[in-house]
Amino acid sequence: MELRRTTVLVSGTPHFRFRTLIRAGVSNHVPWKSRPLQVSSSAGDFTKFPPTVKTPAEERTCRNCLSWSVLMVLVSAFVEELDNSFMETKTDEDIWLIEFYAPWCTFCKQLDPVWHQVGSELRSLGSPVRVGKSDATTNTGLAHEFHVRAYPAILMLKKGVKYNYSGPRTKDGIMDFTNRVSGPPVRSLSSLQLFQHTMSRHDVMFVYVGAMSQLKGNFTSAAEELIVHTWFFSASRDVLPKAVTVSSLPAVLVFKDGGLFSYSEEHDRDLKAWINRERFPTFSHIDSYTLYAMGNTGKLVMLALVDEKHLSGRSLRYKSLLEMVAAEHRDTYSRTFFFGFMEGTDYINGLIMSEVMVPSFIAVNLSNDGYFLPPSTMETEVQLLDFLDGVLNGSIEEEMASSSGSGVSFMKLNSPWCPSSARHHCSAASLLASPFLWPPPSVTYVVRPHPPWTTRMRTEMLCCCGATENRGTRRLTDLEDGNRSRT
């Protein structure tokens, strides 16, 4: 096999040449350096280049290269590059979805193709949302206007309000956020068919039922702040499915887990707090983003840690046992715990700075990075209930993450945007080997003694880590939920 270079002449612009290295199994071709140069009549006498090899394989390769180049140009047209003049040139009616990036940021580079897919799909759907991106290291004024402190940062600007996206960096996740936030906070369901269609599309949805009331005003206010997290709807009683019974009106319902639960002002008190607690399924597959979001509500998260790919029989038993307890004892524990399963232990190992077995159970408290481990193996419902009760009454002691090591400093880092885990623990040596950790994590604590050669590294890390406050979902204003602000 001979490696040869082929020059492709682009029609209309002969002085621009795309050179592609291809492999060809033809032995009778003249090598590149020994080919005579010829003058291209279409390019003029000033441009000379070797003749084009016209084997079928090479022509297909060239066509593919050109098609890909044209496709990338077209896709890029759906994402606009924004600079510091953006705030002066935008209109009040514009809705923008903006990514702030840094050229050297690895996570930004990974997001780039996803971002262009989002821009292309929104354009093809006729969405009013315009998609942009901005180099925050160059356009510092615009980045400061949006309070950007971590890369990549994704925000929506709608009618002067900025909404911060803190979900997974996937096309589906970003599209769901965009469709949800770009529309009205509360959408009206005007027919039974529309109601049923909406139920089939959403795992969790909040619905206000009834006429105008103070409760509806509170519901709308909560929706305006929590629309970044979940969906809100309103409906009259006559469009509800027959299986849905409401004891009194007005009412706020949450549809999830194949059933519905109603808000009670007497027992649940604050409506927004109730919505924040109920916006997750009773039992679900939990990844790093979901765990992080659950932790921000102040509730504990009870996890079954199972095999990462193919569940063993024991992992299935642990998962099924926790799911059963979550469903059958919902009224007892749902105010304090979220329930779910997590595949693998890398995330949890980084959180508690220790190693846990698979399968196993653990309850984590992300408000203080604490955790609870069962004192012994749990195989039955009674043992699991005793553990949950022990966590609630304090008989099970909460443990705090610890670090160990001889002569090397260990730091606990919060990095919620890492695709594999939101937090990491790492040694000073590994930090020096990876000088560009981004987004800059927040150092929770540092264990002494520190070798002298780590002093400068620790100082620089602490300086840059201070840039990401409030663990990655920092507040844009003093609003309680921390995900929206008004310009």
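The structure is a predicted model, in which local features need pLDDT of at least 70, side-chain atom pairs count only at pLDDT 80 or more, and totals for chains, interfaces and linings use all residues. Residues are numbered from 1 along each chain as its sequence is written, and side-chain values use heavy atoms, with hydrogens and water left out.

The chain contains 16 helices and 24 strands; helices (H or I, at least four residues) and strands (E, at least two) are DSSP runs, numbered from the N terminus. Of the 487 residues in the chain, 48% are buried, where buried means under 20% relative accessible area, exposed over 50%, and partly exposed in between (1.4 Å probe, protein chains only). The accessible surface of the chain is about 24700 Å², and carbon and sulfur atoms account for 52% of that surface. Accessible areas come from the Shrake-Rupley method with a 1.4 Å probe, and for residues only the protein chains shown count as cover. Of the contacts between residues at least 6 apart in sequence, 70% join residues at least 24 apart; a contact means heavy atoms within 4.5 Å.

Strand S8 (residues 153-158) is largely enclosed by the rest of the structure, because six of its six residues are buried. Burial applies to both faces of S8: Ala 153, Leu 155 and Leu 157 lie on one side, and Ile 154, Met 156 and Lys 158 on the other. Strand S6 (residues 95-101) runs antiparallel to S8 and is joined to S8 by six bridges, with Trp 96 opposite Leu 157. Two strands are taken to pair if DSSP finds at least two bridges between them. S8 also pairs with strand S9 (residues 161-165), in the antiparallel sense and over five bridges. In this pairing, Ile 154 stands opposite Tyr 165. S8 and S9 form a hairpin with two residues between them, and Lys 159 in the turn has a positive phi of about 50°.

A further group of six strands forms an open sheet with mixed pairing, in the order S15-S17-S16-S18-S19-S20. Its edge strands are S15 (283-285) and S20 (399-400), each of which pairs on one side only. Strand S19 (residues 370-372) pairs with S20 in the antiparallel sense over two bridges, and Tyr 371 has Glu 399 in S20 as its bridge partner.

Helix H7 (residues 214-226) consists of 13 residues and reaches 18 Å from its first C-alpha to its last, close to the 18 Å expected at 1.5 Å a residue. The expected span is 1.5 Å times one less than the number of residues in the helix. Leu 215, Phe 219, Ala 222, Ala 223, Glu 225 and Leu 226 are buried in H7. These residues cover an arc of only 165° around the axis, which puts them on the same side of H7; the arc is that of the directions from the helix axis to the C-beta atoms.

Helix H9 (residues 271-278) is mostly covered, with six of its eight residues buried. The buried residues in H9 are Leu 271, Lys 272, Trp 274, Ile 275, Arg 277 and Glu 278. The N-terminal end of H9 is capped by Asp 270, which has a side-chain oxygen 3.4 Å from the backbone nitrogen of Lys 272. A polar contact is a pair of N or O atoms within 3.5 Å; within protein, one must be able to donate a hydrogen and the other to accept it, and residues adjacent in sequence count only if both atoms are side-chain atoms.

The peptide bond between Leu 249 and Pro 250 is cis, with omega about 0°; Pro 250 is in the loop between strand S12 (231-235) and strand S13 (251-256). A cis peptide bond also joins Val 358 to Pro 359, with omega near -5°. Pro 359 lies in the loop between helix H13 (346-352) and strand S18 (360-365).

Met 353 is also in the loop between H13 and S18. Although not a glycine, Met 353 has a positive phi of about 55°, and Met 353 counts as buried at 11% relative accessibility. His 147, in the loop between helix H4 (140-145) and S8, has a positive phi near 55°. His 147 is partly exposed, with a relative accessible area of 29%.

Lys 309, in the loop between strand S16 (300-306) and helix H11 (313-328), is exposed, with a relative accessible area of 72%. The C-alpha atoms of Lys 309 and Glu 343 are 7.5 Å apart in space, and the two residues are 34 apart in sequence.
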